[in-house]
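Please look over the sequence and the structure shown below before reading on. The report that follows goes through a pocket, a pair of helices and the overall dimensions.

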Amino acid sequence: MFELLFCSLLTILPDYLIRRYMQGKRIGREITLYSVWFELRYGIVLCLMLTVSLITLIFYYHPTATTAVSTFRTIPILPESSGRVVETFVPRELEVDIKAGDPIFKLDSTRQEADVVTAQQQLVEIQGELALAQSELAVANAQTEQAQAALKQAQDELDTRQELFTRNANVVSERDIEKLQNAVDARTGALRAAQSNQELIQTKITVYLPARLKSAEARLHEAQVELEKMTVYAGVDGTMSQFILRPGDIVNPMMRPAGVLIPTDAQRERIVAGFGQIEAQVLKEGMVAEAFCGAVPFTIIPLVVTEVQSQIASGQITTSGQLFDAAQSVKPATITTLLEPLYKEGLADLPPGAICTVNAYTSNHDRLSSGEPIGTGEFIFLHVVDTVGLVHAMIIRLQALLFPIQTLVLTGH
């Protein structure tokens, strides 16, 4: 409507002034409801052509996104395993502020507590085996010393008999020497057995039992971790919302979350807008934009385009049991664009999740002032493109002005 009124000032009004003051035709006499087309046909045709061209120019180079939302990040409250709730620590309110590390709820931990007790008992058993092995080592040391003493005694007796045999063969017989030699060999083997047993017990104390002790400690730590997982804690500072758990409820990480945690740094300082695919060649990073949100009436929020997604969601293909059919993408997806406030705290008053209307504006000022050689026609066209953005800016301000009236008065509650 605004474009039509503007174009009529340039076409229909001059045509009427010529008819009125140059040809002397007046409204109500020569210009009537039945003759207005014949009298003002040039102005009406030019007005329609100029209006269509102006609307096309405005909405192409200064695109509008009616699907824009102030996004924020949320964290679902889920345990790592399913279970039955036995205790809750957060008040059942619409929103509750919590800090990182605060407990939220606790699941039934009977089995995990039994696993901890079992792991502790295994640890005690291994510690007892280690103490027993120390006693066994003391016994093995004594046996080794006993075997060494017996071997020394047998060896001394053998040496004495051999010396006597060497001096006088009639005093000691060869049979006695052979018996003593066999006794020395037997006690040498007993010493080796005692030393081997000593080394075995020593290895058991220094290698085997410490390894089992560490394994038992690891199993105890694992059981304690599983027990701690039965209590769900807040990972970050934020606001708990939709927490309605009661003792006895079943919580499943795959099907039923316990609530939603909205972090304090929930990335609220941005707006995600979806522009039509026809604006794919126009949208650029750094474009100045404006947003009007119903949650903040009578307010225009200056924005800047920070990122334009190069892919369009309607063309994505995922592996499934069916072949992809292009006809399934009936509704064309939009071009996802991220916008941030042009000034600090620009979105401070905007509630997270608010729906907005965004206008992005094409600016050719840098190109026009760069000194680049530009033809006359292109120079005029670029100026016209930048100028008609004013019309779109006036439209969004008019929408912001009329929105409360349309919502509260004309639409009703």
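## The largest pocket

The largest pocket of this predicted model has a volume of about 170 Å³, where a volume is the space filled by probe spheres set on grid points joined across faces, edges and corners. A pocket is an open set of points on a 1 Å grid over the protein atoms alone, where a 1.4 Å probe fits, with protein on both sides within 12 Å along at least five of seven lines, and lining residues have an atom within 4 Å of a point. Fifteen is the count of lining residues (15), and Leu78, Pro79, Glu80, Val232 and Tyr233 lie nearest the centre of the pocket.

As a predicted model, it gives local features only at pLDDT of at least 70 and side-chain atom pairs only at pLDDT 80 or more, while totals for chains, interfaces and linings use all residues. Residues are numbered from 1 along each chain as its sequence is written, and side-chain values use heavy atoms, with hydrogens and water left out.

| Class in the pocket lining | Residues |
|---|---|
| nonpolar | 10 residues |
| polar | 2 residues |

## Helices and dimensions

The axes of helix H4 (residues 41-61) and helix H8 (residues 376-410) come within 9 Å and cross at roughly 85°, which makes H4 roughly perpendicular to H8 (a term for angles of 65 to 115 degrees). The protein has a radius of gyration, taken over C-alpha atoms, of 46 Å, whereas a compact globule of 413 residues would have one near 22 Å.

Technical notes
Axes are lines fitted to C-alpha atoms, for helices over the stretch in contact, and angles run from 0 to 180 degrees between N-to-C directions. Helices (H or I, at least four residues) and strands (E, at least two) are DSSP runs, numbered from the N terminus. Angles under 35 degrees count as roughly parallel, over 145 as roughly antiparallel, 65 to 115 as roughly perpendicular and the rest as oblique. Ala, Val, Leu, Ile, Met, Phe, Trp, Tyr, Cys and Pro count as nonpolar, Asp, Glu, Lys and Arg as charged, and the others, Gly among them, as polar. The radius of gyration is taken over C-alpha atoms; the globule rule is 2.2 Å times the number of residues to the power 0.38.
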